[in-house]
Every structure is written in C-alpha cells, then in structure tokens.
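Student: Could we go through this protein together? I would like to understand how its chain is arranged.

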Amino acid sequence: MNTTDKLNEIEQQIRESAALHEIDKIKMLKNIQAMRAQKVNMLITGVTGSGKSSTINALFGQQVAKVGMGVDPETMEIDKYIVGGLTIWDSPGLGDGIENDKRHSKKIIELLQQKDEEGNALIDMVLLILDGSQRDYGTSYELLTKVLVPYLGEEGKGRILVAINQADQAKKGRGWDREANQPTDALLTFLEQKVASTQSRIKASTGVDIEPIYYSAGYQEEGEVQIPYNLSKLLYFIIKHTPKNKASTMTLESNADQTMWGSREEDKQYQEKISKHLLSQVLRRAEKGVNIGRKLGANFGPAAQVVGGIVGGVVGGVIGMFF
Ligand SMILES: Nc1nc2c(ncn2[C@@H]2O[C@H](COP(=O)(O)OP(=O)(O)O)[C@@H](O)[C@H]2O)c(=O)[nH]1
Ligand SMILES: [Mg+2]
C-alpha cells in the first residue's frame with residue numbers, strides 16, 4: 001500500500017468509527033488531508049561504498065536503490081528516487097578525486113539552493129553517512145565544512161544527521177554478535193568512542209554540534225542476509241531532523257517489512273517514539289487536551305487510543321509493533 005492508499009484507509013476507518021466524536025473526526029480528516037499533500041525531500045550523501053543505497057533500501061523498501069553500484073563520474077548526476085510523497089536525493093560525497101569532488105560539490109550546492117513552490121529550501125534534511133569500517137573521515141568533514149553547513153544556512157544546521165553505517169564492520173567484523181545481530185560490549189564501547197571522537201572533530205572543524213549515531217543497514221549477498229541493526233533509531237533521528245509536519249511522510253513510506261525494524265528493547269523504544277509522532281500528526285487539534293503520554297493508557301485520551309489502533313493497523317511495519 002502506498003501513502004495515499006494508507007491515508008484513504010485511515011480516513012475511512014476514522015469516518016466509520018462509532019467511538020469518535022464528530023468534531024474530532026472533522027479535525028482529524030483535515031489533518032489527513034494536509035498529510036496527503038505533504039512532500040518531503042531528503043539528501044543522502046557520503047563517500048562511495050559507505051552504504052547510501054543499502055540504507056535507502058533498508059529504510060524505504062528493498063527495491064528502491066541499486067546496491068554496490070559506483071557512479072560513473074563522467075555522467076555523474078545526483079540519483080533521485082521518488083517514494084510516494086518522499087523524494088530521496090542520493091549523491092556521493094567527496095573523496096573521488098579533485099575533479100569529481102568539484103563536480104559533486106557543485107551539484108550538492110545547487111540542490112541545497114533549490115527552492116520549493118513556497119520559496120523555502122527544497123531539501124528538508126540531510127543524512128550524511130560515514131563508513132564505520134573506516135577511520136579517516138577527512139573528506140566527509142570537508143563536505144560538512146565547505147558545503148553542507150554553509151549552504152544549509154543557520155536554521156538548516158539542525159537538519160543535518162550524521163550516521164555511522166556498517167557498525168558490524170567497525171572492527172573488521174570483530175565483536176559483532178551475529179547470532180543476536182548486535183555489537184558485543186567491547187564493540188559497543190568502541191562505537192561509543194567513535195561517536196565521541198567524530199562529534200568533537202565535527203565541532204572543531206565546523207563549530208556545529210552534531211551527535212552522530214551508529215547503525216548497520218545490513219546486506220544481502222549470495223544468499224547471505226544480515227538484517228539491519230539500529231534502523232528504528234536511524235528513522236527516529238531522521239524524523240527528529242525533519243520539519244515536524246513533513247516527517248510523517250517518512251514513516252508512512254517506511255519499509256513495510258517488520259523484521260527490518262528490530263525487536264530489542266531499544267528498537268521498541270524508538271518504534272514507540274515514531275508511532276507517537278505519527279499519531280500526534282493525525283490527532284493535531286483534535287480531542288482537546290489530548291496528551292501523548294508514555295504509554296497508551298491513562299495519559300492517552302479515548303480518541304487517541306482508537307486512532308492509534310486504526311493507524312497502527314493500517315501502517316504496520318515500523319509502528320505495527322507498538323499499537
Ligand atoms: N557488512 C555490511 N555491509 C554493508 C552495510 N551497508 C552496506 N554494506 C555493503 O557495502 C557495499 C556498498 O554499499 P552501497 O549501499 O552500494 O553504498 P553506496 O555506494 O554508498 O550507495 C555493498 O556491498 C553493501 O552490501 C552494512 O551495514 N554492513
Ligand atoms: Mg549507491
């Protein structure tokens with residue numbers, strides 16, 4: 001089901017629900033109308049091989065981007081994927097040689113300067129992917145310093161998310177618990193240190209405080225499959241770095257395959273946050289005083305409980321486990 005179908009289904013179930021007040025229904029249907037029209041644009045960048053395509057596929061469906069394809073530098077265009085209301089721009093970062101770097105920077109700068117119909121910046125958020133198996137992020141720091149931070153503008157700084165992929169390969173595969181698909185404690189410590197040093201390097205070179213997160217997009221190769229790690233966390237941080245009213249599109253377009261989103265306690269906490277964000281967008285201004293509390297229960301109004309059930313049932317995937 002695409003976003004339009006999902007929203008139609010949610011709308012219909014809200015209309016037909018005997019448990020909701022008419023006034024609340026009208027407000028929610030208006031919210032859904034606004035969500036339907038909402039377009040969101042994200043730029044994914046990072047050195048070739050960092051896992052941009054794999055990440056796009058893990059987040060938004062396995063068929064979106066081609067994995068393991070280097071770009072042809074001569075004809076280099078920024079790849080563009082349209083997933084319903086979400087447009088993903090996929091561009092290599094720096095590190096492909098002086099000439100190519102110039103071309104890539106120019107294309108990214110052009111994109112960052114593009115405006116939408118309302119005259120606002122077209123790009124809503126930027127995901128910079130670092131390769132966790134590498135140690136030197138010099139070219140990515142340069143991209144941040146010379147391109148992303150200056151051209152996103154002052155208020156755009158909060159729109160940059162730095163994410164370290166291939167957490168499983170951070171120590172050449174050592175310390176990765178394949179059974180549990182998560183790092184051992186030793187690797188966790190290593191990853192935390194990597195985050196801290198990356199954060200201070202970014203601060204030193206750009207003056208901007210950006211706290212990276214780590215994850216693994218996973219891979220599928222010759223019958224071997226490794227599912228993602230911390231993907232729910234990644235989606236939640238993407239949402240957090242996107243304008244609030246636009247981020248629901250990302251959840252609605254996210255991978256319907258529930259197994260991708262993980263079932264550890266930490267995964268569930270992020271799934272809960274993602275669920276509440278989407279629910280709050282449907283409930284906006286409806287049910288006066290509605291409080292998206294810690295749990296669906298005492299703090300939730302009756303409408304929120306009903307609508308949570310409807311939304312969770314229709315959207316499934318990353319939020320299917322919460323409601
Ligand atoms: N082990 C492991 N391999 C990964 C991960 N993410 C991507 N890869 C592999 O890294 C290679 C490059 O990935 P790709 O998504 O094409 O990178 P891109 O050039 O940035 O788009 C492919 O062979 C992927 O299967 C990961 O989290 N763990
Ligand atoms: Mg790619």
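The conversation below discusses a predicted model.

Student: How many helices and strands are there in the protein?
Tutor: The predicted model contains 10 helices and 10 strands.

Student: And how compact is the protein?
Tutor: Its radius of gyration is 20 Å, close to the 20 Å that the globule rule gives for 323 residues, so the protein is as compact as a globular protein of that length. Along the principal axes, the C-alpha trace spans about 65 × 50 × 40 Å.

Student: What share of the residues counts as buried?
Tutor: Of the 323 residues, 53% count as buried, a term used here for under 20% relative accessible area. The accessible surface comes to about 15,300 Å², and carbon and sulfur atoms account for 48% of that surface.

Student: In which sense do strand 1 and strand 4 pair?
Tutor: Strand 1 (residues 40-46) and strand 4 (residues 125-131) are parallel, and four bridges join them. Within strand 4, methionine 125 is the bridge partner of methionine 42.

Student: What holds strands of a sheet together, in general?
Tutor: Strands of a sheet pair through backbone hydrogen bonds.

Student: New topic: how many positive and negative side chains are there?
Tutor: There are 39 positive and 41 negative side chains, and the centres of these two sets lie 5 Å apart.

How values were computed:
Residues numbered from 1 in each chain as written. Chains lettered and ligands numbered in written order. Predicted model: local features only at pLDDT ≥ 70, side-chain atom pairs only at ≥ 80, totals over all residues. Heavy atoms only, no water. Pairing = 2+ DSSP bridges. Helix = DSSP H or I, 4+ residues; strand = E, 2+ residues; numbered from the N terminus. Rg over C-alpha atoms; globule rule 2.2 N^0.38 Å. Buried < 20%, exposed > 50% of the residue type's maximum accessible area, 1.4 Å probe, protein only. Areas by Shrake-Rupley, 256 points an atom, 1.4 Å probe, with all protein chains shown as cover. Lys, Arg positive; Asp, Glu negative; His and termini not counted. Charge placed at Lys NZ, Arg CZ, Asp CG, Glu CD.
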